[in-house]
Amino acid sequence: MSAGTSYLGDGHTLRSWLFTTDHKRIAILYAIAITGFFFIGGLAATVIRLELATPAADLVSHDTYNRLFTAHGIIMVWLFLIPSIPSVMGNFLVPLMIGARDLAFPRINLASWYVYMAGGAVILVSLAMGGIDTGWTFYTPYSTMFSNSWVSVALAGVFIVGFSSIMTGLNFIVTVHQLRAPGMGWFKLPLFVWAIYATSIILVLATPVLAITLFLVVAERLWQIGVFDPAYGGDPLLFQHLFWFYSHPAVYIMVLPAMGVASEIIPCFARQRIFGYRFMAYAILGIATIGFLVWGHHMFVSGQSPAASMVFSLLSFLVAIPSAIKVFNWTATLYKGSIRFDAPMLYALGFVGLFTIGGLTGLFLASLPLDVHLTDTYFVVSHFHYIMVGGSVMAYFAALHFWWPKVTGRMYADIWARIAAVLIFLGFNFTFFPQYILGAMGMPRRYHAYPPEFQVLNLFSSTGAVVLAAGYLLPFFYLGWSLWHGHAAGANPFDARGLEWTTTSPPPTHNFAREPRVPDVVYDYDPNAPVRPVA
Amino acid sequence: MSAAAISGEGARAHEKLTAQFGMWVFLASEVLFFGGLIAAYTYGRSHWPEGFAAAGHETHVVLGTVNTALLLTSSAFVAMAVAWGEERGKQRRIAWLLAAACALGVAFMAIKGVEYRKEWLEHLVPGPHFRMAGVRGAELFFVLYFLITGLHAVHLTIGIAVLAVFAWGAHRAKPWAEPRRIDAAGLYWHFVDVVWIILYPLIYLGGRAQ
């Protein structure tokens, strides 16, 4: 079936890409950019793991080491994870899923990519000039008083990238409210759209606080005024409050879209309706709301009042409830399903497992007495890598594999994709599980040398990182291969539900040849019906 | 390419709502932008109430009050312009109202400039010559004062520019100066006004309680 030119065929010049306002092409622009940043950030991680393979500091100097983990953190958080699923998959899918032709403000969408690239370039310049040694959290007073690295330049870059986040979030919110196809009620929206919607609210409301905080740090460095610096009459704890007011919700910016991805893939490959659809939607909103109120759990040992710590601890436990609802509902969706283990499903199940471990260890850190022991150790490092890498990156790969046929019109070699999924899952656990034990044993984070008794576990972790790196490189090859040699995918190769599968692969520029008909029930899968891919 | 196709279709009311809603979401983001600074102010004031009161006492309440009146009046003009935007053939009146709001905005900026100059001469600008260096919290008050009012001034400058463009566009009856856009610009102007209404008591009145 033909529905006019596909969006990929609509102009082949560089100009037709760089000045496009098509949400699908902008998604591709984002995808290319974040892939580049992912490999730069990964390179820094590789050197870190190499250094930690031996107890002695023998590969890089301590100063270089500080700059490496800072570069790794800044790039991975702001240039990869935050834009990954929202700006790539969300951009591509939200209009398709709600039956719209584009986002509400296509030009703002394109502008957001340019702002993102400008911010990314400034950050790269700061790294090229010698980097930053503060860690990605830029804690004061170190970042304002003592650090002699390129803090102001890097902060300017993160500040600029923030505006791209706000533009993207604004666009999604207005789009979901205004551009749903006739008949697409709120409770017929795919959970991916709910997740992107909640994420967008966080992007719009939390990012400006980060922007103003970073602005204050730069102002303090440049003009020596006292906001955070006690020497000038400021207060360093104020920085932590403001920074984590953004950066804790930022965790949910990274993980909510991942939850949305899992909620699309698991029903498709279990051939079951999602269990507890409304609860899933409410849980997303619940996480987004409570996520704004837990920032103080990063400051249990910073000297905030015990009463405040107890409230933040309680709220942190509360946020686990909607998260657990989601895990239970994914599991219940599998129950009595007709499960197929295609590559996207392997990635999605990997996400659920790793997210569960990451979430449960989060409860350790949310409890006040345990956190005194575990704070600033490798336990924390491992915990947030389980959420951000095990959770978000795994889900990003799941999304990439599930919607790859839709985006490119081509199928990849499923066997290679399964091998990569298993490699990433195993490599990830080999890399990060030992770090939980190291942290519980008391190994502090951010040190480039350590006592010899920690070596076995560190070596384990570094070896695992090699497997993980191999797993991350594989998709680069087989997905790249599929672009030229993969067989044509057809409109709906997985026999999935959702409006995006009712149009051609790749979709035409205006997404739908005619107004899409919204089905009565969302996730209308039947485990007993045969799977019929549409060629 | 597709942008033109998209903005050219759909019901006008729907489009108006989309522009308005986009502005509301943007303003929600702006609230948090100023909110970070106001949170910093609250934090400082709860830690050093005496320092903040002493510093607040040094601000120029007359100038601040006059400026508040100017902004409130300007917002009234903008509201009238938006209300008339619904009727046809009121282009001239809309243009004049927007221009008047612009002029009040410029007057606000001029008075703010006079105020900054006075504070500079009175050594109230944080730095090595700061007059109240001995009072704990006073310097933070003035740091935040200059940052918040500075950020507000940046927003106001953008607002003046936007209103000036629409005043000119309405005067020439340009097709792009349509009600839904003037409406969205008006929302922005009111927001900048509301920020000032919150800043006014925090800056000028807090130190004058006793």
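Me: Is the crossing of H8(A) and H10(A) left-handed or right-handed?

Reply: The model here is predicted. In it, H8(A) and H10(A) cross with a left-handed sense.

Me: At what angle do the axes of H8(A) and H10(A) cross?

Reply: The angle is roughly 15°, and the axes come within 9 Å. H10(A) covers residues 306-334 of chain A. An angle under 35 degrees counts as roughly parallel. H8(A) is therefore roughly parallel to H10(A).

Me: Which residues make the contact?

Reply: H8(A) brings A:Tyr252, A:Met259, A:Ala262, A:Ser263, A:Ile266, A:Pro267 and A:Ala270. H10(A) brings A:Val319, A:Lys326, A:Trp330, A:Thr333 and A:Leu334. Sorted by class, this contact holds 9 nonpolar, 2 polar and 1 charged residues.

Me: Now another pair. How do H2(A) and H4(A) pack?

Reply: Helix H2 spans residues 23-51 of chain A, and helix H4 spans residues 106-128. Their axes lie 10 Å apart, at an angle of about 15°. H2(A) and H4(A) are therefore roughly parallel to each other. Their crossing is left-handed.

Me: Which residues of H2(A) and H4(A) make the contact?

Reply: On H2(A), look for A:His23, A:Ile26, A:Leu29, A:Tyr30, A:Ala33, A:Ile34, A:Phe37 and A:Ile40. On H4(A), look for A:Pro106, A:Asn109, A:Leu110, A:Ser112, A:Trp113, A:Tyr116, A:Met117, A:Gly120 and A:Leu124. The classes here are 13 nonpolar, 4 polar and no charged residues.

Me: What else is in helix H4 of chain A?

Reply: A:Val115 is one of the residues there. Setting aside neighbours within four places in sequence, A:Val115 touches A:Ile160, A:Phe163, A:Ser164 and A:Met167.

Me: How far is A:Val115 from A:Leu363?

Reply: Sequence and space need separate answers. Along the chain, A:Val115 and A:Leu363 are 248 residues apart. Between their C-alpha atoms there are 37 Å.

Me: Next, the cores. How many residues has the largest nonpolar core?

Reply: Start with the general idea. In soluble globular proteins, nonpolar side chains tend to be buried together. In this model, the largest nonpolar core has 229 residues. A:Trp78, A:Trp330, A:Phe351 and A:Trp403 have the most contacts inside it.

Me: Which helix gives the largest share of this core?

Reply: Helix H8 of chain A, residues 236-270, gives 23 residues.

Me: What is A:Phe351 in contact with?

Reply: Leave out neighbours within four places in sequence. Then A:Phe351 contacts A:Ala258, A:Met259, A:Ala262, A:Trp330, A:Gly390, A:Gly391, A:Met394 and A:Ala395.

Me: On to the backbone. Which peptide bond does A:Thr140 share, cis or trans?

Reply: First the rule. Most residues other than glycine have a negative phi, and most peptide bonds are trans. The bond joining A:Thr140 and A:Pro141 is cis, with omega about 0°. A:Pro141 sits in the loop between H4 and helix H5 (142-146) of chain A.

Me: What of the bond from A:Ser505 to A:Pro506, cis or trans?

Reply: That bond is cis, with omega near -15°. A:Pro506 is in the segment after helix H15 (455-485) of chain A.

Me: Is phi of A:Asp376 positive or negative?

Reply: Positive, at about 60°, although A:Asp376 is not a glycine. This residue is in the loop between helix H12 (368-374) and helix H13 (378-408) of chain A. A relative accessibility of 47% makes A:Asp376 partly exposed.

Me: What is phi of B:His123?

Reply: Near 60°, a positive value in a residue other than glycine. B:His123 lies in the loop between helix H5 (91-121) and helix H6 (138-171) of chain B. Its relative accessible area is 41%, so B:His123 counts as partly exposed.

Me: How many helices and strands has chain B?

Reply: Chain B has 7 helices and 0 strands. From the N terminus on, read α-α-α-α-α-α-α. Its C-alpha trace spans about 65 × 30 × 30 Å along the principal axes.

Me: What part of chain B counts as buried?

Reply: Of its 210 residues, 49% do. Now take contacts in chain B between residues at least 6 apart in sequence. Of these, 78% join residues at least 24 apart.

Technical notes
Residues are numbered from 1 along each chain as its sequence is written. Chains are lettered from A and ligands numbered from 1 in the order in which they are written. This is a predicted model: local features need pLDDT of at least 70, side-chain atom pairs count only at pLDDT 80 or more; totals for chains, interfaces and linings use all residues. Side-chain values use heavy atoms; hydrogens and water are left out. Axes are lines fitted to C-alpha atoms, for helices over the stretch in contact, and angles run from 0 to 180 degrees between N-to-C directions. Helices (H or I, at least four residues) and strands (E, at least two) are DSSP runs, numbered from the N terminus. Angles under 35 degrees count as roughly parallel, over 145 as roughly antiparallel, 65 to 115 as roughly perpendicular and the rest as oblique. A crossing is left-handed if the near helix is turned anticlockwise from the far one by less than a right angle, and right-handed if clockwise. Contact means heavy atoms within 4.5 Å. Ala, Val, Leu, Ile, Met, Phe, Trp, Tyr, Cys and Pro count as nonpolar, Asp, Glu, Lys and Arg as charged, and the others, Gly among them, as polar. A nonpolar core is a set of buried Ala, Val, Leu, Ile, Met, Phe, Trp, Tyr and Cys residues joined through side-chain atoms within 4.5 Å. Buried means under 20% relative accessible area, exposed over 50%, partly exposed in between (1.4 Å probe, protein chains only).
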